[in-house]
Structures are given as C-alpha cells and as structure tokens.
Amino acid sequence: ILNPLAGIKNVKSEISAGVNPNPLTEISSLNVQAAHNMKLTLRVVDMMGQVISVEQMNVSAGKNTLQLKTSDLSSGIYYLSISEGNNVLTNIKLVK
C-alpha cells in the first residue's frame, strides 16, 4: 500500500512568524521563530497581486527579530509571504 503523504514535508512547522504592530507603523518588527538556520525570502504583495518588495534574510535557529521598513507603503492591505527556496512557509496579512 502506498502512502500518499510520503515525501511531503510539513514546511509550515519550520517557522512561526508575526508582525508587530499590525496595523503597521513606519518601522514594524517581524518576529520569526525558526526550527533551524535558514535563508528566507520576504515578499510583500498588494491586493492586486503586484510585488511591492522582495528581500532575502538569514535567520538563526530560535527567536529572530527583524525590522520591516514600511514607511514607503501607502495605506492599504498587503500580504507578507515568507519562503525558503520554493517552499512558502507562511503568509501574513498586513494593514497599513
């Protein structure tokens, strides 16, 4: 019998993340709890699907706090997508 879940990695458990404050101020903090050292891609996308910014960040295993510069964002709703390689680990709704 074949296991349909064999080889599927539960990537969502590799990090937990949140942004404070949200609604955003000019500089908000991204708090990431990582299972191991990783290189993350942070992608901010607006409601129309337009990529506003893309940034690469290295995080260490454990708790990491990163500053998000949000002063260039207009008022609105955005999504922060956090990925490692081709795996999207989490999406966070941002309000500015």
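**View 1. Strands S2 and S5 pair in this predicted model.** S2 covers residues 27-34. Eight bridges join S2 to S5. The two strands run antiparallel. Within this pairing, valine 32 stands opposite asparagine 64 in S5.

**View 2. Three strands form an open sheet.** The strand order is S1-S2-S5, and the pairing is antiparallel. S1 (15-20) and S5 stand at the edges. Each has a single partner strand, so one side of each is left without a neighbour in the sheet. On average, neighbouring strands of this sheet are turned by 20 degrees against each other, direction ignored.

**View 3. Threonine 70 sits in a loop.** This loop lies between strand S5 (62-69) and strand S6 (77-84). Threonine 70 has 3% relative accessibility and therefore counts as buried; the cut-off for buried is under 20%.

**View 4. Threonine 70 meets residues from elsewhere in the sequence.** Its neighbours within four places in sequence are left aside here. Threonine 70 is then in contact with Leu24, Thr25, Glu26, Ile27, Ser28 and Lys96.

**View 5. The whole protein chain holds seven strands and zero helices.** Along the sequence, the pattern reads β-β-β-β-β-β-β. The chain has 96 residues, and 35% of them count as buried. Among contacts with a separation of 6 or more, 52% link residues 24 or more positions apart. The chain exposes about 6,200 Å². Carbon and sulfur atoms supply 52% of that area.

Notes
Residues are numbered from 1 along each chain as its sequence is written. This is a predicted model: local features need pLDDT of at least 70, side-chain atom pairs count only at pLDDT 80 or more; totals for chains, interfaces and linings use all residues. Side-chain values use heavy atoms; hydrogens and water are left out. Helices (H or I, at least four residues) and strands (E, at least two) are DSSP runs, numbered from the N terminus. Buried means under 20% relative accessible area, exposed over 50%, partly exposed in between (1.4 Å probe, protein chains only). Contact means heavy atoms within 4.5 Å. Accessible areas come from the Shrake-Rupley method with a 1.4 Å probe; for residues, only the protein chains shown count as cover. Two strands pair if DSSP finds at least two bridges between them. Axes are lines fitted to C-alpha atoms, for helices over the stretch in contact, and angles run from 0 to 180 degrees between N-to-C directions.
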